[in-house]
Amino acid sequence: MTLKLNKRKAQIIDEMITHWEQEALINPEQGETLRKSYHVASFDWKLLAVYSFWIAIACFVLSVLLLIADDYLMSLLAKLINTPASVLTVLTALTSIGLYYLGVKRRLKYPLKTVSNEAIFFFGVLLTAVSVGFFSKTAIAEHWRESLFIAIPTVIYLILGIRLKSVLIWLFGLLAAGIYLLSETAYLSGNHYQFFGMNIPLQFACFGLFVIGLSLLFPKLSPLKPLTEATRFAGLLYFFTSLWLLTIFGNYHSLHEWSQIKQIELWSWTILALICSAAAIVIGIKNNDVLSRSFGIIYTLIVLYTEYIEYFWGEIHKALFFAILALSFWVIGTKAEKLWQLGK
């Protein structure tokens, strides 16, 4: 059975075999045998499968969010089906359990089909949210506050993510945890923009730090060890995205107050974001940590380009504005190309 590789990987292996032949580590016959053990795939079907499943998932997520967010549609759907919300809650809950079970069985039978296996788990996640949506329309829960209906699936996703060792379910749990944080703090603060002096981006930055700290404990706990990288990724995404938003909006409690200030007054948040990004790059280089290094580099560029647009969009001629932008990207591309060639 020959191994299917994309063009880039096949080129690297071919260069390695050629180098071994030149160094007399293997003879030409062995080199030819090794070259026949793989071939270049004409098309990356795995990548197409990943993209297809993610597009399908994104469409389903959008569909369900729009459905759940619309009380009229939820009530209309219940009337059209002519079934009490309590019965629909049970039916969708049982269906979601069935999908989780099917995902586990299929993963045992086809362990290499990771994309489609996780996609089945996703539909379980989807129906869990739908089930909670129907439950919110029952007589039992009609007076509960909204944040509780986010807390329920959050707990379910986090538990199932650990029990089923599913990165996808766990990530949805962390996403739902962030939404629950937003909903709960809004309720406790009376729907104001700030909670304990922190606006929404600052709250999420603190939450991101908490998740990153949590991920550092995971390698020591065997049930959580497989979820370490996914948790750290979610924490870094929460933290750096929130820091970037703080460089734009600051820690103001209303849009009206923010609109009265000049962008230069938010310089301290920009400095903080750049320091954190630089720290992530240094940590990534010292520990050979690709994830931290990538986040540091990406968000350094995002923050710098955001500041450039904010300060110079209305200050210099548009032709010069885009010329400087083009030149900067050219320099970045040139440096990146050199680094890539060094790593070949």
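## Helix α6

Of the 22 residues of α6, 17 are buried, so the rest of the structure largely encloses this helix. The model is a predicted one. Helix α6 covers residues 114–135. At 1.5 Å a residue it should span 32 Å, and its end C-alpha atoms are 32 Å apart, which agrees.

Helix α12 runs over residues 267–286, 20 residues in total.

The buried residues of α12 are W269, T270, A273, C276, S277, A280 and G284. They cover an arc of only 130° around the axis, which means they sit on the same side of α12. That buried set packs against three helices: α9 (200–217), α10 (228–249) and α13 (290–312). The face turned away from the buried side carries exposed residues, namely W267, I275, I285 and K286. After α12 comes N288, with a positive phi near 50°.

## Cysteines

How many disulfides does a search of the whole structure find? The search finds zero. A disulfide is a covalent bond between the sulfur atoms of two cysteines.

Buried or partly exposed: what are C206 and C276? C206 has 36% relative accessibility, so it counts as partly exposed. C276 has 19%, so it counts as buried. The cut-off for buried is under 20% relative accessible area.

## Aromatic pairs

The structure holds 13 aromatic pairs. One of them joins F240 and F295, whose ring centres are 6.2 Å apart and whose planes meet at 25°, so the pair is stacked. F240 belongs to helix α10 and F295 to helix α13, so this pair ties together parts that are 55 residues apart in sequence. Both F240 and F295 are buried.

Ring pairs also build a cluster. Its members are F233, F239, F240, F295 and Y299.

## A buried glutamate

E184 lies in helix α8, residues 167–188. Its relative accessible area is 11%, so E184 is buried. Which residues does E184 contact, leaving aside neighbours within four places in sequence? The contacts are R145 and S147.

Technical notes. Residues numbered from 1 in each chain as written. Predicted model: local features only at pLDDT ≥ 70, side-chain atom pairs only at ≥ 80, totals over all residues. Heavy atoms only, no water. Helix = DSSP H or I, 4+ residues; strand = E, 2+ residues; numbered from the N terminus. Expected span 1.5 Å × (residues − 1). Buried < 20%, exposed > 50% of the residue type's maximum accessible area, 1.4 Å probe, protein only. Arc of directions from axis to C-beta. Contact = heavy atoms within 4.5 Å. Disulfide = S-S within 2.5 Å. Phe/Tyr/Trp six-rings, centres within 6.5 Å; stacked < 30°, edge-to-face > 60°.
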